[in-house]
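Look over the sequence and the model first, then read on.

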Amino acid sequence: MAKVRLHQIARRFSAVAAVENISFEVPDGEFWVLVGPSGCGKSTILRMVAGLDFPTSGEIYIADQNVNDRPARDRDVAMVFQNYALYPHMTVAENLAFGLKMRRVEAAKVQQRVATVAEALELSHLLARKPKQLSGGQQQRVALGRAIARQPQVFLLDEPLSNLDAQLRDDTRVELKRLHQQVGITTLYVTHDQTEAMTLADRIVVLSQGRIQQIGTPQQIYQTPANRMVATFLGNPAMNLLHATYQNGMFHLKDRSIPCPPRLQTALNSTQNQTVDIGIRPEFIQVEPDLSEGTLSVTVEVVEPLGRETLIRAFLTSEPSQTLNLVTQGNLSPAPGERLAIRPDLEQAIAFDTRTGDRLL
Ligand code: ATP
């Protein structure tokens, strides 16, 4: 186990700044997730920690040692990619043992460690098979096992579940979490999947366009996003944004006004007569029988029944460009085109500066 620290890391590819001013420290044994849309620089950061790429400026420390000039093989990190390449001519056992043998670990120890890892990943009954005799999920578990067996100081995972089908992905995700709880190796995990980020991470680093947007626990990121990008990226269905003008304690939408809760008024008093984006998560919007004070009329567009709950995509009846995600009980199933009255619980709302996207405090 070892902590990992990045200090003002930048990586430029000629004119392209892939990442800029990246600083964070992953404490010993924690599981951190780098998340963000395609091209935001996640893989570049991971590759630099692995020693497969090198920063244009800044320093990387593993266990307090500056590793900038150290090649990958001297960093004691293990990396698993989306396209895990198992050795096709070797059995599962040989694949699991490979990294250990390369490091000249003695045979009895190799055998013991392979057995332990195989058991943890439910691969014990597959040890004699070759990779092509395994399902995709089993192959992926072997790739993870091979990395874990080495007991590296740091574990680096780049979208390791994205080749798996939905069910396997869920199962392997739980497996990964269990495994981390057991072995506690410092882990950096890259994904664009917000569910993986929320469920796995001790802390999430949200990236956009090569820059850190926010670092926090899943709860912090979900409940107090630093800006509109973070707010809408994490959470499924996504947070709703209502464009409104704020004036004298009221939010004015096209043909309706709703009172702004006192908590937000302080933040908004310097924004008189200006537009703000009101961020409100779907779970804080209630469907009501009729329009009344504090409600808005929406028109249903698409209905997705999920059994326990129903997801509804709707738009403000007076302003069709303003779409909204609603989550209701599973027994509600309105027809497309139907009008509903909704009551957003603005006590739970967040206000964003329309221009910069920053959360107004
Ligand atoms: P994805 O989720 O699509 O894998 P990512 O967040 O991992 O994306 P990176 O692969 O880190 O993103 O790339 C970050 C930026 O750097 C992108 O704009 C990419 O085009 C650019 N980039 C990455 N590698 C190179 C390279 N070798 N040469 C030039 N540009 C590169």
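The crossing of helices H2 and H4 is right-handed. Keep in mind that this is a predicted model.

**The helix pair**

Helix H2 covers residues 92–102, and helix H4 covers residues 136–149. The two pack at an angle of about 30°. Their axes are 7 Å apart. Which residues in H2 meet H4? They are Val-92, Asn-95, Leu-96 and Leu-100. On the H4 side, the partners are Val-142, Gly-145, Arg-146 and Ala-149. By class, this contact has 5 nonpolar, 2 polar and 1 charged residues.

**The ligand and its shell**

Now turn to the ligand. The residues around the ligand include a run from Pro-37 through Ser-38, Gly-39, Cys-40, Gly-41, Lys-42 and Ser-43 to Thr-44. Phe-13, Ala-18 and Glu-159 also belong to this shell. By class, the shell residues divide into 4 nonpolar, 5 polar and 2 charged.

Which helix gives the largest share of the shell? Helix H1, residues 42–50, does, with 3 residues.

Side chains of Lys-42, Ser-43 and Thr-44 each have an N or O atom at a listed distance from an oxygen atom of the ligand. The table gives the values.

| Side chain | Distance from a ligand oxygen atom to a side-chain N or O atom |
|---|---|
| Lys-42 | 2.8 Å |
| Ser-43 | 2.7 Å |
| Thr-44 | 2.5 Å |

How much of the ligand does the protein cover? On its own, the ligand has 630 Å² of accessible area, and the protein covers 56% of that.

**Two backbone details**

Where is the cis peptide bond that involves Pro-237? It joins Asn-236 and Pro-237, with omega about 0°. Pro-237 lies in a loop. Helix H8 (228–233) is on one side of this loop, and strand E11 (240–247) is on the other.

Gln-8 is the other detail. Its phi is near 45°. That is a positive value in a residue other than glycine. Gln-8 is found in strand E1, which spans residues 4–13.

How values were computed:
Residues numbered from 1 in each chain as written. Predicted model: local features only at pLDDT ≥ 70, side-chain atom pairs only at ≥ 80, totals over all residues. Heavy atoms only, no water. Near = heavy atom within 4 Å. Polar contact = N/O pair within 3.5 Å; in protein donor to acceptor, adjacent residues only side chain to side chain. Areas by Shrake-Rupley, 256 points an atom, 1.4 Å probe, with all protein chains shown as cover. Helix = DSSP H or I, 4+ residues; strand = E, 2+ residues; numbered from the N terminus. Nonpolar A, V, L, I, M, F, W, Y, C, P; charged D, E, K, R; others polar. Axes fitted to C-alpha atoms, helices over the stretch in contact; angles between N-to-C directions. Left-handed = near helix turned anticlockwise from the far one by under 90°. Contact = heavy atoms within 4.5 Å.
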